[in-house]
Amino acid sequence: MKNTNVELAQFLAHSIELESEARDRYQELADSMAQHNNPQAAQFFRRMAEEGNQHLAEVALLTEGMTLPVLNAWEFSWPGAEPPETTSYEALHYRMSLRDAMGLALENERAAEGYYRQFADSSEDPETARTAEGFAEEELSHAAELQRMLQSLPKNSAHSREEDDDPHMPE
Amino acid sequence: MTDSAKLKARDYKSAVKPIWCPGCGHFSVFNAITKAMAALAIDKDDTVMVSGIGCSSRLPAYVDSYGFHGVHGRGLAVGQGLKVARPDLTVLVMGGDGDGFSIGGNHFIHACRRNVNLTYIAMDNEVYGMTKGQASPTTPIDWDHSTLTPHGPGVRPFKPAALALAAGAPWIARAYSGNPNQMAQLIAAAVEFPGFSFLHVMSQCITFCPEQTDWKKIVHERAEPALSDADQAAKLFLHEDGFETGLLYSEQRASWPPAAVETPSDGAMDALAASFRVSTGVTRQ
Amino acid sequence: MHTRPLSIAITGAGGAGVISCGELLLQGWARQGGLGLLRKAYGPQIRGGEAAALLKLTGSERYTAATQYDLIVALDWDNFSRFEDEIQLGPDSWVLCEPGANIPVSVAAANPRLLQLDMAELTATAHPDGRVNMVVLGILGTLLGVPTDSLCELAGKKLRGKPQSYRDAALACIEHASKTALECHLQVPACDSTALCYLSGNQAVGLGALEAGVRFVAAYPITPASDVLEWMAGGLERVGGKLVQAEDELAAINMTIGAAFGGVPALTATSGPGLALMTESIGLAVASETPVTVINVMRGGPSTGIPTKSEQSDLNIALYGLHGDAPHLVFAALDIADCVFTTSWAVQLAQHLQTAAIVLSDQFIGQSTAVISEPRRCRMQLAATASADPEEIASDSYQRYLPTDSGVSSLAIPGETNRRYTADGLEHNALGTPSASQSDHLQQLDKRQRKLSDFDFGGDWAEIAGSGELALICFGSCSAAINEAADLLRERDIATRSISLRLLAPLQVADLSHALAGCEQVIVVEQNHGAQLLHYLQGHINFQQAVHSYAMPGPVPLDPANIAQRALELMNHDR
């Protein structure tokens, strides 16, 4: 039974929250895009959600045998209002292109990398710093992958978000 | 009662997926509600979400609890009737600025006054979204994007927090859809508050008010603790910019109705019927 | 067994206290085993206006309003003209008033028998602080054979909140005046009933509601329904229920719906203008299948109308006032006693069928007080709706709106496990998820219709009396009038049957057609201007007989003699 490294536990708790929020958010966005008949974006977000699931499982493995602090959503400390890898709801558009969706994911990966890097640099606990560094590297590689995929995508057409029809009144 | 193991926020979501426009602020409110429920370990079976009509009123169907989707503007009346009849339930009423401050204005005023122990979440996007973008009581005076009021409403908007205070609401807070975690904390506090709690959420409408994405630049979090003096709160609410987030006002006031003092006796119903019976002595003078 | 009723009108103004006098007299009469009805008429003032206590002492419990008064006791003649339409007299009528009073032209024209008594002096003699109304009570008590000590006891109870000296004065007046014998020959009905009750229709509605299990009421005051709500406020507290005073009728109906959604039988009461406001949300109750009961105590319409007078002009809005296809229950109480039964029936059926029930009462029965025998109760034995097994179903698959054979689905109450659902005014599928599909809409419309139209309501849909080739049909409180008219017609050898509808929606077409079998003429009698019941029935029933209308709006109650006269003309014309 290993002694709980408090700083590591705090870090891993944040990491789990980060990954799980990211995964849940991608899932919501996928559902929303599917609802709005944007299959490209929907599929992409769903894939990101699945990958998020994997990351979450990997992190969970690391926490075996540890007691993690149980925090409410608002008790975590993040650089901004929400965890770094979580896409803001307001960043979406129902006619967003795959390029747009990927662009958001890329921003997420970079933000996550920045977050982990900062943790790695500032942590006084070597194990925490090492773990954070590892996560940062992984985020970097995800970002690189996304960057590569983006390059092979066509640019957005000038008025891709325009629609001829007026908004509809459901009720 | 559901399983007592603590549920996650996502466990409070039903199978029905939201139809809100991507970019809508209400996703944040939904997110925050489920996080608050998870934090409080609220029993799904003992919770009812009540709403009126509008985009924000669609929310109850998305939560895995009991729900009541009523008619335009009347959510607070339904919620208060429900809570008074079933004080054991946790009741959240929600709706938009049109639903709550226009057609529902009278019910809003009296709900603040009555102080029944429930939580009211008003999702304010300063527009009637569902009916395609008309001005609402909180729309800025010069917003001219509606064909119904092409020169702008020309009438000053309400200040919902000031109205709530004047009508007697003992707990007033504000949140912003760009910060669902802060909102979750406020919702949890609102539910726990033993009285009428009013959460005014600035929740952007991406379709009819895309300019509201600029709200993020002017939203600011309250640094001081909540006011408990009504005079100071009046001053704050009448003069503020309407974008300060956090718990703004909180006072101690006994909620209504007070708990029943006596349990009814078994024979109470019979006694009522008997009260109409005449004691006859059939003797003529 | 026709005891001729004795009708007495007591009038006065400026705080004379005639209503109290009438109430105490009827209460004393009831204690003796006497039957009777008390109606009240007022001017528009809140206090100090002209008032009339209109008593009808009878030998039976069939309570029509008096059409001619045997005795008028006028404490004064101030603004008596307000009551001219209502208080009619003939040459056999007696008038008791002060000597030297200016008797109104309309009264003098009837040439009644005059009794002039210095009641003011009698009062002064009895007690310096005495009031004439208590002197009148004493005089009338003696006239009717009601013991003085009984009246004193009742008066003492009524005035218990007043200063002792005021009470003493009142009792002194009753005592002193009771020794005065009026030189007046009136036929007083027998007093031989036992086990009596004394209550108004509005109180009876409240009693029926509580007995049926109502434990939540939302209240917004409106004439003439406020008494229902006020009585229920006290009653609910005693039985552990709750009453909320709402800010308007829109809040009242929605609070009622909220409580009902929470599983607590709930009710509200209003009159025409309030019902009009509530219609949108009553439709919500129908669409979401939330059980609610709405009492509508009808008054003169349209719009603000005549708030203090009775009419039957809200039939249309009760039947048709909900937008969309929204089948629901509509009942009409037939008399004061029947308010207990019909309200209770309505509440139980609203609960069982998960729908909205509107109960039509009116100002006449609502605000009149009657002496009745123990009212009939409604205790239904309803088969419990089959519940889905909570163990078997996960929350997302509870089918709250499952179309069953009966049309009634299981009804989950918040707090129950694995039956979470969102009730909706939007059209929905069996799960309750909003749906715009044709098949879902048709399925739910059929279900909501079927649960009412296929239900067996039994024999209480109407009260039917007599037989013959002429039928008088009415709804609600016209029942007593058509039954009295039927008696008058039978005296003229015209065999008449009366059908008083208690259940108006769903209309029991087969039963009504059967009840009319063998009839040749039908007269539809109603107290409104537009012949609302006539048109409703004509829309649903293939009448085999000639159908005629007797439609007379308020404010004056229907006169059985006029109804009979109309029928006579009809039958003679045919002969």
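Q: Into which domains does the domain assignment divide chain C?
A: Domain bounds come from an automatic or database domain assignment. For chain C, that assignment gives domain 1 (6-177), domain 2 (198-373), domain 3 (387-444) and domain 4 (458-574). Residues are numbered from 1 along each chain as its sequence is written, with chains lettered from A and ligands numbered from 1 in the order in which they are written. This is a predicted model, in which local features need pLDDT of at least 70 and side-chain atom pairs count only at pLDDT 80 or more, while totals for chains, interfaces and linings use all residues.

Q: How many residues do domain 2 and domain 4 of chain C bring to their contact?
A: Two residues are in contact if their C-beta atoms, placed from the backbone, lie within 7 Å. The C-alpha centres of domain 2 and domain 4 of chain C are 26 Å apart, and the contact takes 25 residues from domain 2 and 26 residues from domain 4. On the side of domain 2 that touches domain 4, strand E12 (329-332) and helix H12 (336-353) of chain C are among the elements that each supply at least two residues. Helices and strands are DSSP runs numbered from the N terminus (H or I, at least four residues, for helices; E, at least two, for strands). E12(C) gives the most to this side of domain 2, namely four residues.

Q: How do the residues of that side of domain 2 of chain C divide into nonpolar, polar and charged?
A: Ala, Val, Leu, Ile, Met, Phe, Trp, Tyr, Cys and Pro count as nonpolar, Asp, Glu, Lys and Arg as charged, and the others, Gly among them, as polar. The side of domain 2 of chain C that touches domain 4 has 14 nonpolar, seven polar and four charged residues.

Q: In what order do the eight strands of the open sheet of chain C lie?
A: Two strands pair if DSSP finds at least two bridges between them. The order is E6-E5-E4-E1-E3-E2-E14-E7 (chain C), with mixed pairing. Strand E6 (113-116) and strand E7 (196-200) of chain C are the edge strands, each pairing on one side only. Within the sheet, strand E2 (residues 35-42) and strand E3 (residues 51-58) of chain C are antiparallel and share eight bridges; Leu38(C) has Leu55(C) in E3(C) as its bridge partner. Helix H1 (residues 18-31) of chain C packs on this sheet, and its direction makes about 15° with that of E3(C). Such angles run from 0 to 180 degrees between N-to-C directions, with axes as lines fitted to C-alpha atoms, for helices over the stretch in contact.

Q: Which strands form the edges of the open sheet of five strands in chain C?
A: This sheet has the order E16-E18-E17-E20-E21 (chain C), again with mixed pairing. Its edge strands are strand E16 (462-465) and strand E21 (546-551) of chain C. Strand E20 (residues 521-526) of chain C runs parallel to E21(C), joined by six bridges, and Val525(C) stands opposite Tyr550(C). Helix H15 (residues 479-491) of chain C runs at about 175° to E18(C), and helix H17 (residues 532-540) of chain C at about 135° to E20(C).

Q: Which residues of the largest nonpolar core touch the most other members?
A: A nonpolar core is a set of buried Ala, Val, Leu, Ile, Met, Phe, Trp, Tyr and Cys residues joined through C-beta atoms within 7 Å. Here the largest one has 306 residues, and Ile187(B), Val136(C) and Phe331(C) touch the most other members. H12(C) provides the largest share, 11 residues. Not counting residues up to four places away in sequence, Phe331(C) touches several residues, including Trp345(C), Val359(C) and Leu503(C).

Q: Why is strand E8 of chain B described as largely enclosed by the rest of the structure?
A: A residue is buried if 20 or more other C-beta atoms lie within 10 Å of its own, exposed if 12 or fewer, and partly exposed in between, with C-beta atoms placed from the backbone. Strand E8 (residues 244-250) of chain B is largely enclosed because five of its seven residues are buried. Four bridges join it to strand E5 (residues 171-176) of chain B in antiparallel fashion, and Ile172(B) is partnered with Tyr249(B).

Q: How many residues do chain C and chain B give to their contact?
A: Chain C gives 56 residues and chain B gives 50 residues. On the side of chain C that touches chain B, helix H9 (residues 249-261) of chain C gives the most, with nine residues. Strand E2 (residues 66-69) of chain B also pairs with strand E15 (residues 422-424) of chain C, in the parallel sense over three bridges.
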